[in-house]
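Thanks for coming, everyone. I'd like to go through the chain contacts first, then the cores. Please have the viewer open.

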Amino acid sequence: MNISEYLRRNITPPVFSLMTVGVAINLGMGQVVALLKIPLYLDSLGTVIVAAMCGIIPAMITGIISNLLASAVFSPAMMFFIPTMLVIALLAGILTRKGFFLRWWKAVLGGMIVGVCAAIVSAPISAYLFGGITLAGTDFLVLYFRATGQELLQAVLYQGLASDPIDKGITFLLAFLILSKMPRNLLMRFPGYHYLRQRDA
Amino acid sequence: MIRYLPHPVPVFLFLVLIIISGFTLSIEVRFIVSVMLLLLFTFHIHGNKILRTIVRIVIPLCIAIGLFMTFIYPETEQWLTIAGIRLSRDGLTAAGEMTSRILLLFTGIIAFFNLITIQRLGSYLYQNNLPVWLVFILINGLKFVDRFKYKLSEIHFYQRLRGMPLENIWQRWKATVKILIPLLYFMIEESSNRAIALEMRGFTATTRRTTLKPDRQSTIDKIITILISGIIIFILLRSILL
Amino acid sequence: MIKAVNLTLKDESEKPVVSNLSFEIYKNDRIAILGRKSELSTLLCHALAGILQRTHPSYSVSGSILYAGQPIEEIDSHERTNKIAYVPPFADLLISGVKDTVFGEVALSLELTGIERDLIHERVNRILQRFAIEKLSNRDPDELSGGERHKVALAAMIVRAPDVLILDNPSMFLDTTGVNNLLSILRAYNGTIIIADPNPYIWAAIAGRFITIEKSGIVPYDSPAALIHALEKDAVHIDVPSWQELLLMLRQPLIIDTEVTSFRSLGSLRTIIRAMQ
């Protein structure tokens, strides 16, 4: 099956409509975080929700478009972190299929795994392009690790490993909460339904 | 004042050119090119917006990186002392490398998004028979963010009316859940209803689409397209051959 | 045209919501669905539009709905939406936002279905005129008022000239002027109309046949007279106006076999009531 045929079959109206909302959630979470003053990003929540409800490819497209639009409205730096978003989409999709959204602790665990991988992917980008500086609250961690004599790449990686698993763990927990609160009738409209509810009946 | 608003094709090529040159040119050339671009944009009709965004985003980032790299660079053994301040020589080079690249890349990207709007980009993709859902996501992504923010402030307002303490971290977490769950539920349910509406509008059509009017490049667009492609090929050839 | 054969719908807890419904909808019929609950009429609208299995996937369906002799859920989505248009209650959602002008937005469905450029211009212009929104044609749909957006959404649906138009609660966000506009558009519409709306002012002005969703089941009425007779006998247990009121609203000549073909005052109403007795 070629690509256009695959997309035509799988990107149905419910899926692309949800993808748009996924983009909006990714971009809008900055606002939520600022409003409630919580020290997290949560900017991949939309991607994770799409990955769980629709699958890997829709989540990847959601991630790419989110970061493109974010680089238009927030900071152009977002454009260079598309690979991180792709890894999150891929892993979130795989973990959903492995049943990681059936229990809350599994979701948190899955989020932490994704966080570690995201940190590993984004560290070289961040170190090479920006010297680890993103003008965010976590910069002081990079400074600290640098001051203790680590190499730049290592310092950035440690900073990522310190903050990303928590961020992604909470992202996954939030995604789990919203998915578990959703009525069956709504959830069944999306292709990922089978991985989100235990087949009891 | 330049009033020319280019076609998406030359702007896209411009972005490609900037990204390629950001990784190939030497530090000095990058600085010179960025300054030339900035000068060019001062005369453009959207120049104010472009320059303001650059001042707001790029300059603080460059300063932070510059300071960081020149003062804390532990691998180095060579230190320079200028006017009593100890600087790292390697750090200085790395700072120049990074700031010049960021200045050039960010100038290019900011200019890209100011020279063509998302709407224009979407309509170009639509004209060229890309899947209509892609255009839908691209154009509506930002519109839905506004909707998201509106709904967020609404729910936040009502939760505050009901008395929602925000002192310690546990209360904030509970507040986040109480606000986010209804918000996300609303957005997802609406998206599902919208899917029905879009199906009714013919978004599942498989026939080849017609367009209201053709999207053609003007002569200036064509000249600029050829010019930029020439430069891109030149830079690529140079970096391969040298 | 559309035919329901022994349609039974059961919800998640296996409770039958609709049981053993059979009826037929003919070409150019105007049918009103009058429900106890708006969810039920929405359900029936979705079933008739052939999208029930996707909007209510946890429901179990037996029996079938046929469009031109073919099970409606099996018709290709693109072909089906060309014939049957379902207008959801939130007409706002019908505006895709892909185009930045009203003209482009209305033309979008025609473009997507590959109709020729000249024909698109002609049809869109005609529909904009009929909705009296040709002045808006170069405006951005996002900048319009709610009523204007509703009109644009309806125009965008009708421009595809579907054979069947299913309106689910169209008056939800409409003011009096909006309702009057909607009525004049629907009266001039050339095709089958199925309307589910709690507002008697709307359905009484349009419909010639009725389907009532009652506790005991779904009852079809083939003419206004049949509905009025049932109301008179207190056989209808849903929230509809009394038969006298309804009679006033149904200003249609086909009500009963008297010489009186139209009436506007209480006096003429009395004449008709007397004639009916």
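Let's start with chains A and C. Their contact, meaning heavy atoms within 4.5 Å, takes 4 residues from chain A and 7 residues from chain C.

Some ground rules. This is a predicted model, where local features need pLDDT of at least 70, side-chain atom pairs count only at pLDDT 80 or more, and totals for chains, interfaces and linings use all residues. Residues are numbered from 1 along each chain as its sequence is written, chains are lettered from A and ligands numbered from 1 in the order written, and side-chain values use heavy atoms, with hydrogens and water left out.

Back to A and C. About 490 Å² is buried between them, 50% of it from carbon and sulfur atoms. Buried area here is the accessible area (1.4 Å probe) that two parts lose on being put together, summed over both. On the chain A side, A:R184, A:N185 and A:R189 supply 79% of the area buried against chain C, more than any other three residues. Salt bridges between A and C: 0. That term means a side-chain nitrogen of Lys or Arg within 4 Å of a carboxyl oxygen of Asp or Glu.

Now chains B and A. How many residues does the contact take from each chain? Chain B gives 61 and chain A gives 67. The buried area between chain B and chain A is about 5600 Å², and carbon and sulfur atoms give 84%. In chain B, the residues losing the most area to chain A are B:F68, B:W133 and B:I188, together 12% of what that side buries. The salt bridge count between chain B and chain A is 0. Which helix gives the largest share of chain B's side? That is α7(B), with 21 residues. Helices are DSSP runs (H or I, at least four residues), numbered from the N terminus.

Last, the cores. A nonpolar core is a set of buried Ala, Val, Leu, Ile, Met, Phe, Trp, Tyr and Cys residues joined through side-chain atoms within 4.5 Å. Buried means under 20% relative accessible area (1.4 Å probe, protein chains only). The largest core has 141 residues, and A:M53, A:F101, A:F130 and B:F106 have the most contacts inside it. Helix α4 of chain B, residues 89-115, gives the most to this core, with 14 residues. Apart from it lies another core, of 94 residues, including C:A4, C:I25, C:L43 and C:I133.

Take A:F130. Leaving out residues up to four places away in sequence, A:F130 touches residues of both chains, among them A:F80, A:F81, B:M98 and B:F106.

Key. Buried < 20%, exposed > 50% of the residue type's maximum accessible area, 1.4 Å probe, protein only. Helix = DSSP H or I, 4+ residues; strand = E, 2+ residues; numbered from the N terminus.
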